[in-house]
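Look over the model first, then read on.

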Amino acid sequence: MKNLLKSFIKDNRGVMLIVLLLTIPFIWLLLGITLDGTNARYAATSTKTALNRAVKAAVLALDEDRLAQGNTVLDPAWARSNFNDVLKINLKLNPDFTPTGQSPILEAPEILDFYVCQGPGFPHNYNSVLGISYTFYDPGVLAVVKVIHKYTFTGREQEIYVYSAAEVKN
Amino acid sequence: MLKNFCSCQKGHILLQAMIIMPILIVMLFLPLSFSVVQHKRSVLNDVLDKALQRAAVEGGVTAGVRLGILDDLQNRGFDPDQVEIEPAFYTEKLRGEIIDITIYAPGNAGALKGVGAIGGATPPDDWKLRAAGSIMSEKLP
C-alpha cells in the first residue's frame with residue numbers, strides 16, 4: 001500500500017490532464033458569467049434606446065388647433081399610440097407586445113407608467129413610487145418600463161427598470 | 001527502441017502541454033472575441049442613434065445623414081468603403097411618419113481578426129454586423 005502511494009506521487013504522467021480538468025470548469029464559469037452579463041447589458045441598453053425614441057414620438061402628438069392658438073397641449077391618446085408604435089418597432093415586438101425572435105428582450109415589457117405632463121404651472125415635479133423623480137420645465141411625456149431578463153447560464157431572473165422623458169420647448 | 005520511447009518519461013509534460021495549450025487558448029480568447037464583437041455592435045448602435053436623431057429633423061436619410069454615418073464609423077475604426085446604409089435613397093418623411101435606418105458594417109476587422117485567429121474562431125471576411133432602428137419624423141411640411 002505504501003509503495004503504491006509512493007509510486008502514485010512520484011509518477012508525473014497525466015499531470016496536465018488533471019490541471020486541465022480542474023481549470024475547465026472555472027473557465028466555463030467565467031465564460032458563462034461574461035456572456036450573461038453582456039446579454040443583460042445589451043437588453044437594458046436596447047430597451048433604453050427604444051424608450052428614448054418612443055417618448056420622443058409621443059411628444060409629437062401636439063393638438064394642432066390649440067397650437068394655432070399659441071398653446072402647447074399634448075393629446076394623451078395620440079401620444080400613447082405614437083409611443084406604442086415606435087416602442088414596438090424598435091424592440092421588435094408583436095402587436096400584443098410579446099417579443100419576436102429578433103427582439104433583444106425575452107418577455108413582453110411592462111409599461112409601469114406613461115405620464116403626460118400638461119401643466120399648468122412649470123416647473124412641474126414628477127415623483128413615482130419607484131423612486132424616480134423628474135422635473136418638467138415644459139409639456140412632455142415620461143414613461144417607465146420594466147423588462148425581465150433571464151440569465152441563461154445561472155437561470156436567474158433580473159428586473160430591469162428603465163425610464164425616459166421628452167419635452168416640447170415652448 | 002520503441003520500448004525505450006514508450007517507457008521514457010522525459011518531456012511528457014511538454015508534450016501534454018502542447019496538446020492542451022491550444023484548447024486553453026481557445027477557451028481564454030473566445031470570451032475576448034465575443035467582447036470585441038459586442039463592442040463593435042455597441043459602436044454601431046451609437047452611430048445609428050445619432051443618425052436617427054438627425055434624420056428625424058431632416059425628414060429622412062439625406063446626403064448629410066449618410067455622410068455623418070460614414071464619418072462617424074471611419075473615426076471609430078470601420079472602413080467606410082465596406083459600410084452599407086439602407087435606405088440607399090432619400091425619401092422625404094413628414095412629421096408622424098416612421099424613418100427606418102439599417103447599417104451594415106464589416107464585423108471581421110482589426111482586433112477581432114487577430115483575436116479570432118489566435119482563438120481559432122475567425123469569422124468569414126464578408127461577415128457584417130447589422131444595426132437597425134426607427135424614429136418618428138419631426139419635419140414639418
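## Helix packing and the chain contact

In chain A, the axes of α2(A) and helix α4 (residues 76-90) come within 7 Å and cross at roughly 150 degrees. Angles over 145 degrees count as roughly antiparallel, so α2(A) is roughly antiparallel to α4(A). Their crossing is right-handed. This is a predicted model.

Which residues meet here? On the α2(A) side they include T49(A), L51(A), R53(A) and V55(A). The α4(A) side brings in A79(A), F83(A), D85(A) and L87(A), among others.

α2(A) also packs against a helix of the other chain. Helix α2 (residues 15-58) of chain A and α2(B) lie at an angle of about 5 degrees, with their axes 11 Å apart. Because angles under 35 degrees count as roughly parallel, α2(A) is roughly parallel to α2(B).

Now the whole contact between the chains. Chain B gives 23 residues and chain A gives 22 residues. On the side of chain B that touches chain A, α2 (12-58) and β3 (128-136) of chain B each supply at least two residues. The largest share of that side, 14 residues, comes from α2(B).

The table sets out the residue classes.

| Contact of α2(A) with α2(B) | 17 residues | 7 residues | 1 residue |

Terms used:
Residues numbered from 1 in each chain as written. Chains lettered and ligands numbered in written order. Predicted model: local features only at pLDDT ≥ 70, side-chain atom pairs only at ≥ 80, totals over all residues. Contact = placed C-beta atoms within 7 Å. Helix = DSSP H or I, 4+ residues; strand = E, 2+ residues; numbered from the N terminus. Axes fitted to C-alpha atoms, helices over the stretch in contact; angles between N-to-C directions. Parallel < 35°, antiparallel > 145°, perpendicular 65-115°, else oblique. Nonpolar A, V, L, I, M, F, W, Y, C, P; charged D, E, K, R; others polar. Left-handed = near helix turned anticlockwise from the far one by under 90°.
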